[in-house]
Amino acid sequence: MSRPLTAASAATAVTTAAVVALLLAWPFITDFYSYNAQYYDGLVASAAIAAVLTISLNLAMGYGGMLSMAHTGLQLLGGYGTAFVAVKAGLPWPVGLGLAVVLSAVLSALLLLVSLRATYLYFGMITLAANLIVIEIGREWDDVTGGINGITGIDPGMAKRAFYYVVVAALIVAYLVQRNFVRSSAGRAAMAVRESPESASAMGIRPATTKLLTFSVAGGLAGLSGGLYALQLGFINPDVGLLDNGLVFFVGLFLGGIGTLAGPLLGVAFITVIVELGKDHARYTTLILGVALLVSMMVIPRGIVGTWQASRFGRPKAAPDAGGDPETSQVPASVGSGDRPPDRDVPALEGRGLVKHFGGVRALDGVDIAVQAGTVHGVIGPNGSGKSTLVSCLTRFYRADEGEVLIFGEPAPAASWAVPGAGVTRVFQVPHLFERQSVLDNVLTGIRTPYSWVSAVLRLPSCLRAEREARAFATELLAFAGLAARASFPADSLSHGQKRLLEVVRAVATRPRVLILDEPATGLVPGEIDALARLCAALRERGLAVVLIEHNVEFVMKVCDEVTVIETGRVIARGAPAQVRADPAVLAAYLGRPDLVESS
Amino acid sequence: MTLQAWIDGVFTGSIYALVALSLAIVYQPTRVMNFAQGEALILGAVVGYQVISLGKLGWVVAILATLALATLMGVLSERMIMLPVRLSGSRFAWIVATLAAALIFQSIFTLGYRDVDALRPAPMAEGGFTLAGEQVSWQIVLTVAIALAVMAGYDLLLRRSTYGRAIRAASHNPGTAVLMGIPVQRIIVLSFVVATVLSALAGLLAAPVLFIGPAAGLIFTIKGFTAAVIGGVGSPRGALAGGLIVGVLDSVVRTEINATAGNLVVFGLLALILLVYPSGLFGKPMEAH
Amino acid sequence: MSLLEITALSAGYGGVQALFGVELTVGEGEFVALLGPNGAGKSTTLRVLSGLIKPSAGRVLLGGEDITTKPGWRRTGLGLGHVPEGRQVFPDHTVLENLQLGAFVHRRSRTRRQELLDEVLALFPRLDERREQLAGTLSGGEAQMLAVGRALMSAPRLLVLDEPSLGLAPLKVAELFGYIKRLHTERGLSVLLVEQQAATALNLADRAYVLERGRVAISGTSDAVRKDPRVQAVYLGGEISPATG
C-alpha cells in the first residue's frame, strides 16, 4: 500500500516486530530464567487463546456493533468440535480445529439469520438464549459432548512447547484476519452499518449481508479459540460456556479499547499480568476485575488504545491546516454518467403523486417532482413542510403510502440499500459521518470495490490493486473538496463545514447519477457555502442531477436551475428561481400569514 | 406427582415474577436491563441465612435488615451502573456495567459464604396443609400471596397514581418529562432502590424453600429476564404471567424428564418468543438503545 | 425587574459554540418573540433556559432568582411552562393523563390540579372532547393544543413556546396563535415565542429579538423589527453584515 512512511507507522512496525519476537522467544526466555518454564509457557498460551476470543468479540461488537453474549457458547462449541474429532473420531487435531471454525461460524450465521429483524438489544438477548441452549445441550448430549463431565484427554500429540507455537501462530492469524478484514471494504461496510444502517444503505451497503459476514467471521474465530482451548487444557466441559467466564473477555475488550486493532491484545495482556501478580489472592480476582472494568469505563471510556489514539501523542501530527481551498479545480474524471449520456426526455429522478402519513398527519399530500439530468433542482419550504419526508420516499427509506418513484424512467428498487446501485445517492440532514474513522476511510466507504472479503483477508494482488485504485479516487475527491491535508485525521476532528463537505464527497464517491443533498448549507460559513455551490456546479457539468433540499433560500436561488416549493406536504410553486421568489404563496409560507392572525 | 410439580412451579414462578418486575422497574426509566438484578435476590437469601440461621434473631430483624441493606445496595447499584453508562458513551456500556456489577456482588457473596452450598434459613411460616394428597407449606402460600400483592400494587401505582404516570412519561421521553417538572434522575435512583428491595424480599422468602447458593444470582437474573421477555417488559401483569409460565414449565419438565431438559425448554421458549413475538406475549416492544 | 433576564449567555455542544453573549429579557406580562433562521441559536437558547444544557458563561434569572445552575425539573415549579419543539406529547398517555402530567408540580394539591384542569379544558374544548383518547392519535393541530394545555397545567408565570407552527397548515397556525394571543391579552400571561414565521410572530409580540449565528442581530419593538430591512434579508437569504446595518 502506498502510504507514506511516517514516524508513527514506523513505531507501529517496530512495536509489532518486538511483540512477535517476544512471543516467539518466550519459551527460551522462560527456560533460561525459570524452573517452572512450562507454567509460564502455558500462561502465555492461555492468554493468546483468550486474545483470539477477544479479537472475535471485537469484530462482532467493536466493528460490527452487534452485542454478542454467545461468545463463551461459541468457544464451547469449538471446543466440542475439536474434542470430538480428536478423541471420539480419532482424527488428527487440525481437522478438529477446522471443524471448530466451521461449526461456530455456522451457528453464528444461523443466529444472525433468524434474528435479522431484531433490534440491537433483542439481538443480544437472542445470543444470550443461544448461549444458554448450547450449554444445556452440552450437558445433555452425553454421546457427543460427554455430558456434565465433558470430554477429557484431548491431546494434540505434540510437545507442549511445539503446541505453544501453534497457539502463537493462531493468534497471529486471528490478528491478521481482523486487521485485513477491518481495512477492507467489507470492514468499512461493517463499520458503516454499525454507525447507522440508514447511512450505510444510503451508500449502497446492504446491512443484512454485511452483518451476516461480520458475525460469521467473528464466530469462526471464536470457534478457533475454543478448539485451541480444548487442545491446550486437554479437556472441555459445559462450564466453559458459562456467561460468568465471559466477563474476562469483556474486561479485556473494554480495558484495551473496543473497536481498535490492538485493544484486545493489550487488554488481555493487562488482565493476564494482573491475575498472575494476584494469584496468591486468587479469590479476589473477580472482584478486582469487576471494579477495574467499572473504573476503566469511567476513566478511560475508549480503553487504553482508544485513549492513546485520542490523546495528543497518538493523534497524527498536525498537518498544514487546509483552509478549505481546493488544491485542484477538477472533479475526478470518473465522476459522472460516463456510461450513459444524460437523456433530456426522461427525468433522472421522478416522483409521482407521493403520499405519506404519519399517524394522523399527512406529511406528503400528493407531491409530483421531476428532476432532469444535468440540472440542479432545489426543493425548498418551511420547517416541517415535508421536504425530508419527500427525500426519504424518493430514496425508499420510507415506503410511500401512494405514488411511485422512477429512476431514469424505470421503477426504483424497493429497498433503500439498492437505490444507490440504481444511481441515486442521498446525503442526510444531520451529519452521519463515521466519526472515529479517518477522513479517507469515510470516503472509501462510499466506493464499491470488486473484490471479496476472502481475497481481502488474504491480501491477494487483485484486491490490493482495487484498493489502490479506490484510494487514488478517494484522494482525488478529497483534493477537490480541499480536504486532502486532513485525509488521515479522524473525521470528528473536522469543523462542521468540513464534515458537511466530506459527506457530500463520500456520496459522490458512490458514483451517483442523481445526488440528493438534504440541507447541506446549514451551519456553513460563507466560504464553505461557496465551495458547496462550486461542487454542485461541477457535478452538474458532469451531467449529474443534483437535488438540493434547502432552507437557505439565497443559496438555492444562486445555484439552482429549477425550484420546487413545498408547504404542508403539497407543492405550492415550481419553476425558475426568480419566478418562485416573487410568488406570493412562497412569501407567505416563509414569513407567515399575518392576515390570518388578529393584530394587536 | 404432577400437582406437586405445579405447586413448586407456581412458587418459583412468583419468585421469577418478582425478579422480572424488578428488571422492568429499572428498565423503564433507564433502558438498562440490569444483569445484576439477581444479586439482590441473593442479598435477601444471605440476610435470611445470616440473621435467622446463624444469628437466631428471627424474621422481623431479617426483614428490617433486608430492607436497609437492599436500599443501600440499590443506591450503590445506581451509581455503579449508571455512572459508567453515562460517562462511557459506548452502546454496550449497560451490559458491561451491569455484568461487572453482578460479578462484583457475586464475588462479595462468595467470599463471605465460601463454604455454604445453600443459604437456607428456617421458613417464616412453619408447617403447611394438604391439598389433594400433596403437602403445601405455608411459606409457599405466603410467598405467592406477597408476590401477587406486590404485582397488583405496582400495577395500580403505575396506572392510577401521579407518580406512576410520571414514571411512564419518563420512560417514554425523559427530556420532555424534565420539562414537566418531573425529577427524572430521582426516579431512576428510586427505581433501582425499589427493584433491589423487591428482589431482596423475593430472595428472603425463597431461601427457606429453594436451594440458593451465593453464586446463583446470574441464573435468577436470566430466569427473571426470560419471564420478563415472555410477559413483555414493562407491565407488572406481564411479569406475573411470564414468571408463572417459566416457573411451571421449568418445574413440570424438570419432574417429568430432568433439570437440564427444564432449562432447555425454558431457554428454547425464550429464543422462540424473541424471534416470533418481538413484543413479548403481553406487552410493548423493548425499544432499541 | 424583568420576569426573565438572560445576560451574556454563551453556550454550545460537542465543542461547537452556538451562542455568543446573548442578552434577552421578558417583562412581566410581556409577549416577546425570538426569531431567526435555522441554526441561529434559538433552540440552544431554549435548551439553556430549560436546563437541558449548561451555559459556558452568562446567567439566567427568573423573577429575580438565579436559575442558571438549577436542575431542569425544578424550573417548572419556579414558573417556566414549556411547549417543546415538535409538541412531544406522551403518545401512550391519554389526553387527560398528558394534562395531569403537566400539573406534576402541583401533585400535592388535588383541588389545585382540578382547578387548572377545568380552566385548560374550558380554554380548549376540543381537548375536552378527546380527553380519553391516546395523545398519539391526535392530529398535528390538536397535539399542539395539548402541548400548550399541558404547559398551562403547571400554572406558569412565563410560557415558552418553541416553534409551535412547525408542520401545521396556515389555518391551524392562525387558530393556535389566536389561543396564545387570548392567553396573553385576557390573562396577562408572559410569553416567549420562538418562531420561524417572522411576520406572524411580529404581529403578536410586543417586542422581538432576531438571532443570527448565535448573536442577537436585531432587537426592539415589533414595529421596529418589522421595518428593519435586514429581517427580510435574514429570511429570504443573504448575510447580515455590519456594513448593511
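Mentor: Let's start with a term: contact means heavy atoms within 4.5 Å. This is a predicted model, where local features need pLDDT of at least 70, side-chain atom pairs count only at pLDDT 80 or more, and totals for chains, interfaces and linings use all residues. Residues are numbered from 1 along each chain as its sequence is written, chains are lettered from A and ligands numbered from 1 in the order in which they are written, and side-chain values use heavy atoms, with hydrogens and water left out.

Trainee: Leaving aside its neighbours within four places in sequence, which residues is A:Thr30 in contact with?

Mentor: Find A:Thr30 in helix α1 (residues 7-33) of chain A; helices here are DSSP runs of H or I, at least four residues, and strands are runs of E, at least two, numbered from the N terminus. Once neighbours within four places in sequence are set aside, A:Thr30 is in contact with A:Ala37, A:Tyr40 and A:Asp41.

Trainee: Which side chain does the side chain of A:Thr30 make a polar contact with?

Mentor: A polar contact is a pair of N or O atoms within 3.5 Å; within protein, one must be able to donate a hydrogen and the other to accept it, and residues adjacent in sequence count only if both atoms are side-chain atoms. The A:Thr30 side chain also reaches the backbone oxygen of A:Pro27 at 2.9 Å. The side-chain partner, at 2.9 Å, is A:Asp41.

Trainee: How many salt bridges does the rule find across the interface of chain B and chain A?

Mentor: A salt bridge is a side-chain nitrogen of Lys or Arg within 4 Å of a carboxyl oxygen of Asp or Glu. The structure holds 34 of them over all chains. Across the interface of chain B and chain A, though, the count is zero.

Trainee: Which element gives the largest share of the side of chain B that touches chain A?

Mentor: Elements giving two or more residues to that side are α3 (59-88), α4 (93-112), α9 (217-231) and α11 (259-276) of chain B. The largest share, 13 residues, comes from α4(B).

Trainee: Is B:Glu78 buried or exposed?

Mentor: Buried means under 20% relative accessible area, exposed over 50%, and partly exposed in between (1.4 Å probe, protein chains only). B:Glu78 forms a salt bridge with B:Arg79, with the closest N and O atoms 3.1 Å apart. B:Arg79 is partly exposed at 38%. B:Glu78 has a relative accessible area of 2%, so this residue counts as buried.
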